[in-house]
Amino acid sequence: MMPRFWPMFRKEFIQMQRDRLTLAIMVGLPIAQLLLFGFAIQTDVRNLPTVVLDQSHTPASRDVIAAFENTGNFRIVAHVADRPALDRAVARGDAQAGIIVPVDYSRRLGQGITATIQIIVDAADPLASQAALSAAAGVVQVRNLALLSRAAGRASVPIEARVRPRYNPGLRSPNYIVPGLVGVILTITMVLITSMAIVRERERGTLEQLIVTPVTKTELMLGKITPYVGVGLVQMTAVLVLGRFVFAVPLTGNVTLLYGIALIFVVASLAFGLFISTLVHTQQQAMQVSFFFVLPNILLSGFMFPRQAMPLLFQWAGLLLPLTHFLKVLRGILLKGVGLETLWREVLILTGFAALMIVLSVRRFRKTLD
């Protein structure tokens, strides 16, 4: 097998070298995507534009408004005179939140009666509204505890919860987004480039030359994907280096293990792209089918949205995607420092997926023009 495989590998490698524009895009595009999405995608919503309607105009009302602003989730952009003005600001999009302090706030607080503060949040954006609601609830809870402790004559609160978030104590978005971008970028580029491999040969008229050669179908398939394995690892290296030195993403685990599992994932993605290439007849069809596969990877793998919040059916569907398992590998090794004893299931699944796609690609391909 090997004497016939190397000429096929050499032919594909030379063809890749000649198409320098595509090669430059494959190496440069991941860097541009990481810099763009790494800075743009933030899961912690801060500085929500907020308008204030303070009907009390007392030190107590100004104090509670300052407490909301000090959370960092609310950015006071305007003070309005009445409720219609506040509603107009939120409706126009000038503000995404509104704080209303009623006229009797200070009096009720002084009399020991429950004082109310109304928080209006534009929930058209669920992520932003959820962050605002959580921050508002936190402000009220802290102040309630302080008031109750003072009323009871205690110097400290009765119960203190000390929360210690592990693996990402600063709750930084890049620590979550950048490892995910490694898998997403590899999926997009690897699947897309090999999905057009066979149809490109057919459209250029060079498939006839491959058909008459003694190269077997297996050798042809492996020769098609092998040169791009190195390209995928170069992409991954570029993204990891930028993630480490630009976004300060930690690298706490075994790098050799990470590259070993990444090699399996790259082969799996390339093999799936090759399988797509055996199903379609034009490069346009190949591109459309590839993007049809990429979108579920982004939405169902846990890259952007937590899988635990999805319906059970879609959680099971996400398990069929290789990116779902590779994201667990990336975040496990980079952030948690776990080893093969924890990730062996993901390794087996990725290996099985890669082997299955190669077998299906070989079985689907026919060395005929039909």
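The largest nonpolar core has 60 residues, and Leu258, Ile261, Leu270 and Phe326 touch the most other members. A nonpolar core is a set of buried Ala, Val, Leu, Ile, Met, Phe, Trp, Tyr and Cys residues joined through side-chain atoms within 4.5 Å; buried means under 20% relative accessible area, with a 1.4 Å probe and protein chains only. This is a predicted model, in which local features need pLDDT of at least 70 and side-chain atom pairs count only at pLDDT 80 or more, while totals for chains, interfaces and linings use all residues. Residues are numbered from 1 along each chain as its sequence is written, and side-chain values use heavy atoms, with hydrogens and water left out.

- Helices are DSSP runs of H or I with at least four residues, numbered from the N terminus.
- Beyond its neighbours within four places in sequence, Phe326 is in contact (heavy atoms within 4.5 Å) with Gly183, Leu186, Ile261, Ala262, Phe265 and Leu350.
- Another core, of 17 residues, lies apart from the largest one and includes Ala67, Ile76, Ile99 and Ala136.

**Gly273**
- Gly273 belongs to helix 11 and is buried, because its relative accessible area is 0%.

**Thr278**
- Thr278 is also placed in helix 11 and counts as buried, because its relative accessibility is 11%.
- A polar atom of the Thr278 side chain lies 2.6 Å from the backbone oxygen of Phe275.
- Excluding residues up to four places away in sequence, Thr278 touches Ser361, Arg364 and Phe365.

Note on methods
Buried means under 20% relative accessible area, exposed over 50%, partly exposed in between (1.4 Å probe, protein chains only). Helices (H or I, at least four residues) and strands (E, at least two) are DSSP runs, numbered from the N terminus. A polar contact is a pair of N or O atoms within 3.5 Å; within protein, one must be able to donate a hydrogen and the other to accept it, and residues adjacent in sequence count only if both atoms are side-chain atoms.
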